[in-house]
Amino acid sequence: MSLRFCRATIVSLYRVFVLMFLVGVAAIFCFSRESRALAQNPSDQPGEEVIANLAAGRVVVAVVKDAILIATVENPFETQTHPPTPVPLSGARAGVILGAVDWFSPSSKVQIARLDRDLPHVHGHVKPQGPRLQAGQEGSEATDIEFVGEGLADRLNEVVKNLHSKMELPAGEPLAELVIADFIPGYGPEVWHVNYSIEQFPQRGDFWETRVPRPRFLQDWPPEKDQPHTLLEFDYPPGLTTPTVLEMLRQKDPRLEKLYNSDPVMASVASMLLKGISNKIATADATQFLRAALGAISPPNARETVASIGFQSGFAWILQPPNEPKPALQQKERPADAPTLLKPSGN
């Protein structure tokens with residue numbers, strides 16, 4: 001089985017991944033605004049289209065006095081774009097996937113993978129052991145965070161293993177990203193960022209082996225002793241020119257300035273965020289501020305979610321994600337000997 005891979009780049013952050021699995025030896029890579037095609041051994045045999053829809057937008061994490069708040073807002077540049085959505089993994093942990101999250105075949109009406117729905121199954125069989133990875137480093141002994149991150153890498157490898165054409169993604173652009181936030185008794189709140197790239201190795205002729213290597217783990221919270229305690233923000237696609245909420249506060253964006261000038265509580269929250277003392281903000285005040293701030297700066301009709309991980313109460317929805325329309329797709333059955341999500345990749 002060979003592949004046609006097509007990547008369409010739309011103005012600024014308008015990006016979609018479209019993958020074409022072909023029966024035969026055709027391999028075509030399409031890119032740029034005009035989607036230029038480079039044909040390799042073209043074949044007239046029919047193929048099966050496989051589309052990967054993106055979870056695209058902004059994820060804002062605030063570690064406050066008694067909770068971790070996770071707010072997301074969609075960047076709805078395509079009708080099939082998914083909002084980044086917190087996924088509860090346990091009573092005190094949640095993850096948000098950005099990037100290629102929904103893989104399906106419209107021609108055969110089969111859903112190949114829905115990564116956000118897979119994520120709880122990865123975590124469900126892992127016992128929390130506390131963090132062992134050091135900030136910015138990769139430890140030699142797997143932790144529960146690593147099991148989640150590498151389990152998602154295993155699932156991505158199941159999807160991309162049949163991609164055999166040469167692909168040229170922009171340097172540094174990941175296929176997917178995972179934000180994990182949790183609270184561990186005796187340790188405290190933590191936030192991790194896991195990055196997934198693609199590697200390709202030439203085999204013979206124009207045939208390439210495609211794999212997702214071991215993901216890169218970065219710990220964003222707790223900050224170093226000399227670093228501020230304030231908002232964390234993650235965007236997909238990467239490289240956006242849109243300033244973060246914190247940068248907007250520093251620049252006195254008129255939309256946010258109007259918000260905090262109208263309410264002394266909002267002014268207090270904004271001030272503590274700028275001072276780097278978010279861990280002193282009351283959860284209710286921070287929640288009110290985030291909802292109002294994201295509502296003020298978000299695109300029209302963008303879907304939003306807000307969840308909290310209370311240090312005593314655990315995961316709870318504040319603003320649940322909207323119900324998705326149910327597509328007429330069948331879930332693809334996995335072979336009995338397929339790689340399990342419950343094993344680390346070992347790469």
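How many residues lie between E17 and E18 in the hairpin that they form? There are three residues between these two strands. The legends below describe a predicted model.

**Figure 1. The whole protein chain.** The secondary structure of the protein chain consists of six helices and 19 strands. The chain has 347 residues, and 51% of them are buried. Among contacts with a separation of 6 or more, 65% are between residues 24 or more positions apart. The chain exposes about 16600 Å², of which carbon and sulfur atoms supply 51%.

**Figure 2. An open sheet of five strands.** The strands follow the order E16-E6-E7-E17-E18, and their pairing is antiparallel. Strand E16 (232-236) and strand E18 (314-319) stand at the edges; each has a single partner strand, so one side of each is left without a neighbour in the sheet. From one strand to the next, the twist averages 15°.

**Figure 3. Strands E6 and E16.** Strand E6, made of residues 57-63, is joined to E16 by five bridges, and the two run antiparallel. Within this pair, Arg58 stands opposite Asp235 in E16.

**Figure 4. Strands E7 and E17.** Seven bridges pair E7 with E17 in the antiparallel sense.

**Figure 5. The hairpin of E17 and E18.** Three residues separate E17 from E18 in this hairpin. The two strands run antiparallel and are joined by five bridges. Ser308 has Ala316 in E18 as its bridge partner.

**Figure 6. The two faces of E17.** In a regular strand, side chains alternate between the two faces of the sheet. On one side of E17 are Glu304, Val306, Ser308 and Gly310, and on the other are Thr305, Ala307 and Ile309. These residues are all buried, and both faces of the strand are covered. Why is E17 described as largely enclosed by the rest of the structure? The reason is that seven of its seven residues are buried.

**Figure 7. Helix H6 across the sheet.** Helix H6 is formed by residues 283-297. The helix lies across E6, strand E7 (67-74), strand E17 (304-310) and E18. Relative to E7, helix H6 runs at about 10°.

**Figure 8. Pro76 in a loop.** Pro76 is found in the loop between E7 and strand E8 (87-90). Its relative accessibility is 32%, so Pro76 counts as partly exposed; a buried residue would be under 20%. Which residues does Pro76 touch, not counting those up to four places away in sequence? They are Pro299, Pro300 and Ala302. Pro76 and Pro299 are 223 residues apart in sequence, but their C-alpha atoms are 7.9 Å apart in space.

**Figure 9. Asp116 in helix H1.** Helix H1 covers residues 115-123, and Asp116 has its place there. Is Asp116 buried or exposed? Asp116 has a relative accessibility of 16% and therefore counts as buried, since the cut-off for buried is under 20%. Its side chain makes a polar contact with the side chain of Arg114, at 2.8 Å. Leaving aside residues up to four places away in sequence, Asp116 touches Val87, Ile97 and Val101.

Terms used
Residues are numbered from 1 along each chain as its sequence is written. This is a predicted model: local features need pLDDT of at least 70, side-chain atom pairs count only at pLDDT 80 or more; totals for chains, interfaces and linings use all residues. Side-chain values use heavy atoms; hydrogens and water are left out. Helices (H or I, at least four residues) and strands (E, at least two) are DSSP runs, numbered from the N terminus. Buried means under 20% relative accessible area, exposed over 50%, partly exposed in between (1.4 Å probe, protein chains only). Contact means heavy atoms within 4.5 Å. Accessible areas come from the Shrake-Rupley method with a 1.4 Å probe; for residues, only the protein chains shown count as cover. Two strands pair if DSSP finds at least two bridges between them. Axes are lines fitted to C-alpha atoms, for helices over the stretch in contact, and angles run from 0 to 180 degrees between N-to-C directions. A polar contact is a pair of N or O atoms within 3.5 Å; within protein, one must be able to donate a hydrogen and the other to accept it, and residues adjacent in sequence count only if both atoms are side-chain atoms.
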